[in-house]
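Subject: Structure for you to look at

Dear colleague,

I am handing over the structure below, and after it you will find some notes on what turned up. Please keep the structure open while you read them.

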Amino acid sequence: MTARDLIPIAVLTVLAALLPLVVTSSPVLNFLVFMLIVALGAQGWNILGGFGGQFSFGHAAFFGTGAYVTAILQLRFGVNAWAGLVLATLAGAAVGWAIGFLSFRSGLRGSYFALVTLAFAEVFRILANAASVTGGAAGLLIKLDVHPANLQFGDRAVFYWLVLALVAAVLLLTRWIQRSRFGAQLVAVRENEDAAKALGVNSLTVKLRAIALSGGVTALSGCLYAQYFLYVDANIAYGSWISVELLLAPIIGGVGTVFGPVVGALTLHGLGEVAKQFAGRIPGIDLIVFGGVLVLAVAFARGGILGLLERVRDRGRGMMARGPKEVSHADR
Amino acid sequence: MLTVDGVSKRFGGLMAVDSATLSLQSGGITGLIGPNGAGKTTLFSMISGFVAPTDGRIRFEGADITAEEPHRRAERGIGRTFQIVQPFAGLTVCENIAVGAYLRHAKRADATAKAREVAHRVGLGAELDRPAGGLTVAGRKRLELARALATEPKLLLLDEVLAGLNPSEIRDIIPVIRGIRDEGVTILMIEHVMQAVMNLCERVYVLAQGRMIAEGPPAVVCADTRVIEAYLGHGAAARLKAEGAAHG
């Protein structure tokens, strides 16, 4: 990775880190933390879906695993919350690897893979709703005990900085993927699996690594969610709402790009909040906005917002030799 | 170097390849010709690991590779191109070739350098940063060749790299293939362009209806009665001979 790869990440992280010094209202900070948690989960989805081309409709399976693992470890086994964070991430990676092993080994691709992931998430949801270890339908309350050692902070800004630091870390991870042999092979598998195999790419291993990384990152976001709201139940953790959120953000922002998931999450939730401010009495107005933005993105910005910006920039330079479908994924 | 021993492939009721046997010494260019549907590409797919043979053994440098995955065979040094070109359309030419180069070079800088070198060798030096989806047919054929070369193969399987090219493009690419051979890469090529086969190949195998019907130097094979009849139908060889005598 060169300085040119790292500077944008550093600049944006520093700017975002300064935000709590200006904004002190709790609702706004709440919104920012939630938005960043979604962005982090979406970054996880993007590793598998964006770079690997394996569209999952069930990333709730990882998000929920992260949330439940940390909650159960703390409540039932008295494990420290920070250790819970690490173990939840590892559990997400393990679940990812297992789901990947079962589906990729049987050669599932495209819509079949999407359906299988959806099924896994639903099975987890039903099991979590029924089992006693997960608190059944009542869910689990993480004990309120504000202390940095418990990953609970008196000041919301501290949690914001923590999530931001993790988002920045995954931005770096994604940039590394983009510049590495692993990333090149992953993208090759996305573009044409047979051609990749002929060039010596072990497509099964590459996809398993991607889904394990993806599951780990998304589980981390689920763990942070549980830790911030101190509550988790089956419909929050394994609900299809989060699967949809995690795939919408990268698609809106720019699939297979480093910043796409963050840009998408910010755009979606930003617009959703604005809509709620103006038409808060209409229930579900933010979801209507999500739908509208998705339609616009699919119709007019195939590469998401970042893809659109790049095309505008290219057009500005008079470089229309590249058609919209031929835009390289490398520079974004 | 490569031994294909009595290999067969059955697709349902169709015997696509019927106990074909072929053996390659290190170095040189060998041709694999035959009428359409003879099973040439299926044989290639079995050698490169994309199709599992129903019967028979494939050996590469002494090792039995019959059941090995395609990527393992690429690691061993078997490179292939696809008859229907398979570019990574969303990537640039350089990135496409780098995927192949990453097989032997773990670092990005090394893989990119290798990709650039290979691109210049096959005449894609000017297109390095173009998206692969925007290349012409000739460009895509060169890209197939470049990607396979970037894996630094010992044996290169070329599946109709000249098909769809015009005569001047063929003239441009023949020296490239010869150059690859001169560097010590063994080449097995499926080809319909007979001018190129005659020009390039030291030996030719002829496959017809799944069976290996002839082998030898191209000039000898092309005069073989069975080969002529495989292409032109039963009795064609005798007719040609009679016509030749009449005109002579």
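The largest cavity holds about 40 Å³ of space, where a cavity is a set of points, on a 1 Å grid over the protein atoms alone, at which a 1.4 Å probe fits but cannot get out, and where the volume is the space filled by probe spheres set on the points, which are joined across faces, edges and corners. This is a predicted model, in which local features need pLDDT of at least 70 and side-chain atom pairs count only at pLDDT 80 or more, while totals for chains, interfaces and linings use all residues. Residues are numbered from 1 along each chain as its sequence is written, chains are lettered from A and ligands numbered from 1 in the order in which they are written, and side-chain values use heavy atoms, with hydrogens and water left out.

The lining of that cavity (residues with an atom within 4 Å of a point) draws on both chains, including A:Lys197, A:Ala198, B:Phe50 and B:Arg73.

Turning to the interface, 29 residues of chain B and 25 residues of chain A take part in the contact, which means heavy atoms within 4.5 Å. Together the two chains bury about 2,200 Å², with 64% of it on carbon and sulfur atoms; buried area is the accessible area (1.4 Å probe) lost when two parts are put together, summed over both. B:His71, B:Phe88 and B:Tyr102 supply 25% of what chain B buries against chain A, more than any other three residues. Across this interface there are 0 salt bridges, defined as a side-chain nitrogen of Lys or Arg within 4 Å of a carboxyl oxygen of Asp or Glu.

Best wishes

Conventions. On a 1 Å grid over the protein atoms alone, a cavity is a set of points where a 1.4 Å probe fits but cannot get out, and a pocket is an open set with protein on both sides within 12 Å along at least five of seven lines; lining residues have an atom within 4 Å of a point.
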